[in-house]
Amino acid sequence: MGHFKVNEKDIFFILKDQLNYGSLCKLDRYRELDEETLDMLVNEAVKFAKGELDPLQEIGENWGVKFENGEVLCPPEYRHAFRLYSENGWTAATRDPEYGGQGFPHMMRTVINDLMFGAAQAFNIAPSLTHGAAHLIESFATEELKERFVPKMFGGEWAGTMAITEPNAGSNLAAIKTTAFLEEDHFKIKGTKIFISWGDHDLAENIIHLLLARIEGAPEGVKGISLFIVPKIRVLPDGSLGDANDVICTGVEKKLGLHASPTCALNFGDNDGCIGYLCGGQSKGLVHMFQMMNGARINIGVSGMTLASTAYQNALAYTKERIQGSDVAGRKPGDVPIIDHPDVRRMLLWMKAVVDGMRSMIYTAAFWSDLALELPDGEDKEHYENLVDFMTPIVKAYCSDMGFRVCETAIQCLGGYGFCKDYPLEQYLRDAKIMSLYEGTNGIQSMDLMGRKMTIRDGAAYAAYKAEIERFCKKNQEHPELGDRVRALAGVVKRLWETAEEMKGRMETDPLQWASYTYPGLMAFSEVTMAWRLLDMALIAYEPAQKEGKKYDSYRGKIFQATYFVDTTLPHTLATIETCLRQGREIVEIPDIAF
């Protein structure tokens, strides 16, 4: 039996009962689809994840990555899976049919990744990056370059990466030194990139790097950065492969987790033989790359959430089977399953609420992204664009941090066995840690949320988020059973809005103090979002939960998880909000030598 466990009923409750995702089929782009077809896609993704990808988790962990004679070697089973993944349509499920896609709603990419990352996190990074790189070319390159590269990437013959980080340019992309020199219809590329996920491997016959570089003579800073398509093997105009393109892997990182995902250092043009093609406009590289970077940030949130999900499900299964200790109230004779012990139940209920809330948060943002992309121009489209912008740092930071915490709690449920490799939880924990570091650390995400996202488009993104929360609270505050929890949320929200406005002012007048408390601010917004999504599910589940019979217990579970989370989290949220405005300046003023 595989390691990957998922509650499909929970997934479909969010998709169908909470979001009504079949309504997307009313949009012009999806008019030939229906909800039954979307359901079929989800069910097939579950089957593929469990049947094909689940075994790769243990295989990859045992094999790891081998770097021999300058070549990166991956588990042989990965090569077959990578091609099968694309042949089954998963890489390009949501892309346009013109280049090999299936035209499903954009949000289905998130649902697919939920299942595939949960089954084989290290492996699924490869097709996910390939999708993102190909979509960049599809979005911004010339028609000739699209035809040359995109179909083979979506088809699984070639893989893709994003090559951004350099030894002295991590989060500070303005410091990028990689340079592009114009030569006829292409550019010569010269530079070094590090920490490139799946930067080299043997899964595909070519690897297409989407690389940021500065064209010779371009301005310093981020405004001078352009985006380039740089293949590992040169691609001739007819699409066939030519000579090696002077892209050399110089090493593979040894990491805490994701042992089967090669993290590479790459040299471009050591022998002056690396060519690349401009993708989009000159000096528009960072603007273009943000499409892939923001997609990656959402995927990181998905990764944290789905590792938490399977960790919780594994812990739940264990606690039902493990017999240990007597019932504290003497309700049953002899030793009992540890799920009967209140402290174990506390951990299980907390994990259940956090996983379901995170999945709802992520799926809701994905649903909004479809409306943002496919609605006709107008106020509604702008509203959803603003919501997606505001939610992106919340999804990335909160779900990556809480994903790690849920994995930790799941280990606790197993006691000593959770610390052992006999169970998958310790690997989940190690694999999950990178998520808070990827694509801008969570501290950077908090500064983005409490800074730029509060003010862009004259505060429209923040206003859109406020409007959604306030509309929910106003509509449901008199509910006979859950109204008191909705009113509690409304009270916390009111104080959060006041604090957010004060922090906006501090950003201008006292930026050091402001930056010292952006992370607590992000956590407050995240916990408010979680309470909102959990209460929304509870309200939907309320009527069926009143019916008798075990088949309605799952609905009752939605109510229990919401009331527990609201009652035990929002008081802490309120305290967190208050810390954001404290006058103490210890963070800023403590001398370096005093740490």
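Predicted model: local features only at pLDDT ≥ 70, side-chain atom pairs only at ≥ 80, totals over all residues.
Residues are numbered from 1 along each chain as its sequence is written, and side-chain values use heavy atoms, with hydrogens and water left out.

Strand S6 covers residues 206-215; strands (E, at least two residues) and helices (H or I, at least four) are DSSP runs, numbered from the N terminus. Two strands pair if DSSP finds at least two bridges between them. S4 (residues 179-183) runs parallel to S6 with two bridges, and S3 (residues 158-163) is also parallel, with six bridges. In the latter pairing, Thr 161 has His 209 as its partner. S7 (residues 225-231) is antiparallel to S6 and joined by seven bridges; there, Pro 231 stands opposite Ile 208. Because 10 of the 10 residues of S6 are buried (under 20% relative accessible area, 1.4 Å probe, protein chains only), the strand is largely enclosed by the rest of the structure.

Helix H2 comprises 29 residues, 35-63. Its end C-alpha atoms are 41 Å apart, which agrees with the 42 Å that it should span at 1.5 Å a residue, the expected span being 1.5 Å times one less than the number of residues. Just after H2, Gly 64 takes a positive phi of about 70 degrees.

Note on methods: Buried < 20%, exposed > 50% of the residue type's maximum accessible area, 1.4 Å probe, protein only.
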